[in-house]
Structures are given as structure tokens and as C-alpha cells.
Amino acid sequence: MPARKILNELKQRFEGAILRVDIPNDARLFLYVAPEQVRAICRHIFREMDARYVISIGMDDRPFSGQFLVAHDFAFEPEHVLASVMVHVPASDPRIESISPDVPAANWAEREMRDLVGIEAVGCPSQKRLVLPDGWPDGVHPLRKDVPWDFRPENYDENRTFAFDEPPAGCTVVPFGPFHPTLDEPAHFRLFVEGEIVRGCEYRGFMVHRGIEKLGEAVLTYNEIPMMAERICGICGCVHSVTYAQAVEQAAAIRPTARAEFIRTIMLEIERLHSHLLWVGLANHILGFDTLFMQSFRMREPIMWLAERITGNRKTYGLCVIGGVRWDITPEIKGEILSVLDKLEKEWIPVAKAVAGDRNLRKRTQGVGVASKSLVKEVGLIGPMARASGVGIDARKDHPYAAYDRVEFDVITQDGCDVWSRVLVRVLEVFESIKIIRQCLERMPAGEIQLKLDGELPAGRVGISSVEAPRGESHHFVVTGDDNRPRRWRVRAPTYQNLQGIPAMIKDQQLADMTISLGSIDPCFSCTDRLEVIDIRSGAVTVYSPAEIKALARGQGIG
Amino acid sequence: MSEGLLSAAGYGLANVVLALAAAPLCEGIVRKVTARVQSRKGPPVWQPYYDLLKLLGKEDIEVGESPSMQRFAAYLSLGATLTLAALIPMGGRVPLDGWADAILLVYLLTLCGVSTLLAGLAAGSPYSLIGSSRGMMTMLTLEPILAVAVIVGAIEVRSLRLDAILSASLFAGPGWPLAGLVMLGVMVLALQAFVERVPFDIGEAETEIMEGALVEYSGPKLALFKYARMVRLFVYCALFVGLFSPLGQGWIYPLGLVAFLAQTLVLVLLVTLVGATHARYRIDQAIRYFAVLLAVSVGALLLAAVGM
């Protein structure tokens, strides 16, 4: 049993520090460790055992155990194990030693933990805010259980601004965002530019945090959350809904029906198809090659239509419930899926050939936005980013879920480490997705699509789940609770890790390469921020103050 | 004398009117054909006229570091382009017959670039400054190519007179026009850059620097810039035809005009197709490309000088 093997190695090394262990199945390992040893254990797991850092979670567990809880999640790829190293932190002194000095990828997660839960990671290299807006009062942490979900701070300070770093000598500041034509969502990169060369940057995102996790923990129920989870992202929503459902199912030791697992697999791959086609289009648009942009969107349209045919919606599928799915695939729809796939495959072959042979495209992307293998490890890059740097990680193979253990497909890797390799990986993955859907349709067993669940789910259990989203691994952490809803639900979208690689990727390269480098991670800021874009009608010529915009957005009108 | 001046003014004015009238149509053709290549329906070919009218009718907003310079830049852009249009033969004779010399052409073309530069400086945003600096780098490497083409023509016909040079002068020398053919190749490869279309729309690059120098422009001033850009496509094609093509030169009235328009249309279609099948180059890549072209054109100049 691989999980037990990992445990034994850790036990040998840190005998007294491991307080409690839970191994619910072969692929999961939950360790409760002593606070003073957590950094050493994480370093050992990350450096010596070469596990991949996934995410850190902070949780207000005071109403239940009287303490705070911190979990550091790691993935052991060759062993197919997801592990969580958990620590209880005293309520009177919510501080924990930072692991960021050893595991640089934990930087954002620890900052988020401080912002939202108020657990201080002592020794974290960056002390700046990550998630909370600039004007939010200090000492108020929205994810604490004593803060109501609809809390609005009285002493919100409109005039407080973010303290950006000073640009290095000889550099000018080029603001990239918060609104930029290539970013469909707000995010702000302050670029330090010397001539046309980018020397560094600072990121300020999370502009419109929606507090979806808080809603899930305070308002929604187990089966309502998948609908909300889907709305985290406008492109890979289904991924979040499946990841959440799987995390709950693992926590409650439920297994969805076999047919449901196949249907989830099919929908995830349909989502990957539309997402990759979208990305190939957008990447080419960024490079000014609008013809492939348009053609790729044309080919994507039948996929969107297919999703609507199956689920009634182009994008938000409303697919998952705990223990199954809502929509079945009838023989009639099966035929339609197959014919759409055939057409797509026929059209995509020439595109793949044209892209692979395009010197012009290659010139703009080769050697651009380089993410070395060591960067992949340090920052925890995932998905096509890692695979384009020769690191063949793919949650579908490494941590099989749904029906991925019952289909054959290849993990596409390239070793250019640059944007060009990422283009190739995504272009070729389209064929693998087609292959997977065909096998699923062929091998899908008959039967129920939902499990009959009687009674409440057990409280206080921990579940973690990883799903390979089009842009990398999406990871959810769930602690089940009472009142038919989880106590803690933490979403880690792939962009959360991939975005942290950007400063290293754009350093010392041309400003013109900034957009495609950023584009190459297929950024999804809404996943990262869990944000909302507010549309304001501009009829009359009126200049709104931030407070007025907020009042408008909350439907209060302007007084 | 005064009669000659009058006819020159008449021809010049006719050219300006033709350029103003035909340029948006050319743009419309570019858009329509691009759309077809991209499996789109595309806007009607008249759309650019509507766009310009709409922009001209909008509120004129003063913004940026220096609004008056911004306004001047917009006037200069269209003004320089139209002056250029007045000097180039468009299916008739060269308007300033025997008075203007070819150096004027190069100056006017440079002035078009300068207007973009001023526009970027006037806006004063980091993106517009980047756009300006890219525009300047392009201008510095690109303008000499055109100057070489004009000089090669001047050598072949032993004259700097505009009418002599714009009568397919590059092939006019005695013997086999090797230098002219080399320059033809160079100019075909550089045409896309002269008219600032993909893959050389680097100074605007909407997805990188948000239209560069034009980032702060809106309404009527933007209309002037857009109009100037459309006219430039038409004028550069006309210049190209004048330098290289003997077809239609000296033909009687409607025939000459028809031949000119047909050749211009071919060039516009060429620009469209190249634009639709390429990704944008980075400024350093573009400069290297221009440098190679410049080196080749200097070679052609040497060939012309030794009489080949």
C-alpha cells in the first residue's frame, strides 16, 4: 500500500511528531503532526521525497476542536497518493511556522491564510495582502466562523492604497491591467521595464473576490454547492463541480455509480475540448494571427452545441450531485457526440499540422516565457505548463478519478519549456480528449446515474480531490459538517499556482512577449479570485465613486 | 506658367479626392476578404465610411499630456498623407510636372511617421510612448529602403524630377533592369510594413500595447488618424505602381485610371492575404528583417550605380 509506505518513511524520520494518522483508502493520507515539526516534515516531503506541493488551507476549527487547523497538501505522483499534513494551532495564538522558505510555492496560500482566516505564517517572505481589498480593516478575517457571511465592515477605508514596491533603478513602471484588452478579467501587473525589456513585476489581483467559499460554508447545502462551484469559472466550471463532489464523496466514503463516473469523464473532456480550442484561438489572437483565432472558434462551436444538447446549457452544465450526475447520455445523443467528434478530428488534423509547421508562429513563441523544470518544482506549476517543460504530471493518470482508470490515453509532453511547447501540448491534447470520449461512450455501463443517499453525511471528515482541468490540476479540500453543509471548503484552481510562475517567466524578456507569456498559462483569474465582473450601464455621462459603484452593485441605488 | 500651375493644382486636387473616396473602400475590401479567409461573413464593404462618419460626429475630447499637440498630430497625419496623394500619379500624369523632386516624397513619408510619434508623446501614457518608440525604430530602418528605391530610380533615369521617377523609372535604365527587379522584390516584402498591417502592426498591437500611440485618441481626432491610415494604404500602393509598373502610364483618360485602380486593387488584396495568414512580429524581429531588406536594397543601389 503506497500510502502506508509513505507513512512508514515519515514515521522513521519524525517518530514523535506524528500525532494521528488517517488512511481512508490507498490514495489518501492524512497526517496530524506537532506544530514545531511541521516545517521540517514539509521540507522532507517536498525535498527528500520529491512530492509536489498542492496548497495550504487554513481553517477556523474553534467551534469544534477549540483550535485553528492548518493543512498542507502534497501530491505523490509516482505513488498515486494525495497527502495532507495537518496541524492544530492554538486559538489564543494563531501562529504557525511558515513553510514558504523551503516550499516557495506556498507563498500565496500562506498569505491568503493570514488574510482570510487570520493564521499568521511566521517567516513567510512576503507580508503583503493577497486577497483582501486595500481598504479592508486589519484584524477582521472573513473566513472565521464568528464573522457572518454577509458581514460588511463599518470602518472600510476607501483611501487606503496598496504599497507597491519601488521599481529597480533605471526602470520605468508600465501598468499592465487592471483592465487590458488581452485580460478578460481584472488583474494588475506592475511591470518594471527598461527600454522594451521587462526586469520584474509585482502582482495585485483578487480584485472582486466573491467569497464563494464562505457561502458554501455558511449558506448553501451539499447539493447546492456544485451549482455554485461551477460558477467559480466561466470556462472550466464543470471541473470545480466534479472536484467538489469527489472531495465530499471521499470524505463520506461514497462511490458514485459507474455510469455517473463515465458521464463525468465525458463532460470533463468535452469541457477540455472547448477550453483548448478557445485557448488556441486566444493565443493566436494575442499574437495577431486572427485567422486561426476565428477558425478555432468556429470549430469550437459544435462542442458548445453538444454541451447544450446534453445538459441544456452551453457552459454551466449543472452536472454533479453528491453520488452521481443529473444528466444521462441517451443512445441518440451518443450518436450526435460521435459525429461531432469525427468532424472536429477531421478539421483539427490540418490545424495541428499547420501550427506545427508555422515558422512565423514559432518565431514568436519559441524561447518565450520559459519555465524551467526547477521553476515547475519550486512554484508548483501544473497542467500544460508542467507538461510543456517535460514534467509529465496529469491528475487523470496520477490520481485517477471518475472513469479515467478505465480508458487509455497518452500524457502529452514537450521539453521546450516555452510558449511554443505549450501550444503543441494543447493542440495535441485535443486528440487525446477525443480518444477518451470515444472510449467512454463505448465502455459506459448501463445503470443508475445517481446513488440513493439516505440520512446525513457524517460530520468532521476530511476529503481532498484533484481533477485535471484544461489548465492544470484543480484541487478541493472539504471538511464535512453539520447542517447539511461542509465546515470548510477550500478551492485551489490551477491558475493559483501557475500565476505565481509569471514573474520568473517574464523576467528579462521583451515587453511584447508579456501578453503571450501570461496567455500561455491560460490564466483564469475568476478561478483564482473567485470573482465577479460587474457590468455598469453607461447611459448618461456620470462619474461614479468607488462607493457609488459598490452601492449600485449591491442594488441599493445611489442616494 | 500659370496655366501649368492651374492644371497641376487640378490634377493634385483630383488625386486627393480620389484617395479620400477610394481609401475607405479599400479598407472595406481588406475587412471583407479577411473575414472570408476567417470563415466569417464580415461587415459590408461600405462599413469604413460609416465608421468614419460616426467617429467624426462624436464629441471631441481633450485628453493626454498635451491636447494641442495631440490635435496637431492628427491634422499632420492626414495632411501629410493627402499632400503625398496630391503628388503621386493616379492613372493620369504626375501633377507637379517638372517642378517637384523626389526628395520631397521621402520627406512627406517621414512626416507621416513623425505625426504618429507626436501623437504618442502627446498622450504621454506608457503604452503610447512604447508605441511611439516602436514607430520610430520602424521608421528609422524602413524609410531608407524607400529612399534607396527612389534613388535607384533617379540613377536609372538620370533625374530627380518626380515625373521622371514615378514613370516606372526602376526599369527605365538601358539594358536588363537587374537593380530594378531586386528593388521590386524588396519593396514587395516591405509593403506590409509601410502600410502598417499584420505582421508589422507592431506600433499599434492592440493585444500588447492597446493601439500604442493612438491609445488616448477618440472621436473626430481618431477619425482623422484612421482616415490617414486608410489613405496611406491607397497612397503606398499608388506609389508602388508609379515606381514599378509601366502599365497604364501615358494611356488615355479612362484606360489609364482603370489600369491604375486594377493594379492598386491587386496590391490591396496582397496586403490583405499576407495580413490574414501571419502572426505579428516582435519589434526586434521586425528590425532584423528590415535590416536584411535594407542591406539588399543597398546592394541594388550599387548595381544601379555601375549601370546594371
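In this predicted model, helix 7 of chain A is followed by Ala253(A), a residue with a positive phi near 55°. The helix itself covers residues 237-251 of chain A, and 15 of its 15 residues are buried, so it is largely enclosed by the rest of the structure.

**Helix 7 of chain A**
- From its first C-alpha to its last, helix 7 of chain A reaches 22 Å, close to the 21 Å expected for its 15 residues at 1.5 Å a residue.

**Domains of chain A**
- Chain A is divided into two domains, with domain 1 spanning 2-128 and domain 2 spanning 212-529.
- Taken over C-alpha atoms, the centres of domain 1 and domain 2 of chain A are separated by 26 Å.
- Contacts between these domains involve 22 residues of domain 1 of chain A and 21 residues of domain 2 of chain A.
- On the domain 1 side of that contact, at least two residues each are supplied by strand 2 (28-33), strand 3 (52-61), strand 4 (67-76), strand 5 (81-90) and helix 4 (107-116) of chain A.
- Strand 3 of chain A gives the most to this side, with six residues.
- By residue class, the side of domain 1 of chain A that touches domain 2 of chain A comprises 15 nonpolar, three polar and four charged residues.

**Interface between chains A and B**
- Across this interface, 27 residues of chain A are in contact with 22 residues of chain B.
- The elements giving two or more residues to the chain A side are strand 8 (172-176), helix 8 (258-286), helix 9 (290-311) and helix 11 (359-365) of chain A.
- Helix 9 of chain A provides the largest share of that side, five residues.
- The side of chain A that touches chain B divides into 10 nonpolar, 11 polar and six charged residues.

**Largest nonpolar core**
- The largest nonpolar core holds 253 residues, of which Val231(B), Leu233(B), Phe234(B), Val235(B) and Phe240(B) touch the most other members.
- Helix 9 of chain B (residues 219-244) gives the most to this core, with 19 residues.
- Domain 1 (2-128) and domain 2 (212-529) of chain A both give residues to the core, so it lies between them.
- Beyond its neighbours within four places in sequence, Leu233(B) is in contact with Ala23(B), Cys26(B), Glu27(B), Val195(B), Val268(B) and Val271(B).
- In soluble globular proteins, nonpolar side chains tend to be buried together.

Notes
Residues are numbered from 1 along each chain as its sequence is written. Chains are lettered from A and ligands numbered from 1 in the order in which they are written. This is a predicted model: local features need pLDDT of at least 70, side-chain atom pairs count only at pLDDT 80 or more; totals for chains, interfaces and linings use all residues. Domain bounds come from an automatic or database domain assignment. Two residues are in contact if their C-beta atoms, placed from the backbone, lie within 7 Å. Helices (H or I, at least four residues) and strands (E, at least two) are DSSP runs, numbered from the N terminus. Ala, Val, Leu, Ile, Met, Phe, Trp, Tyr, Cys and Pro count as nonpolar, Asp, Glu, Lys and Arg as charged, and the others, Gly among them, as polar. A nonpolar core is a set of buried Ala, Val, Leu, Ile, Met, Phe, Trp, Tyr and Cys residues joined through C-beta atoms within 7 Å. A residue is buried if 20 or more other C-beta atoms lie within 10 Å of its own, exposed if 12 or fewer, and partly exposed in between; C-beta atoms are placed from the backbone. The expected span of a helix is 1.5 Å times one less than its number of residues.
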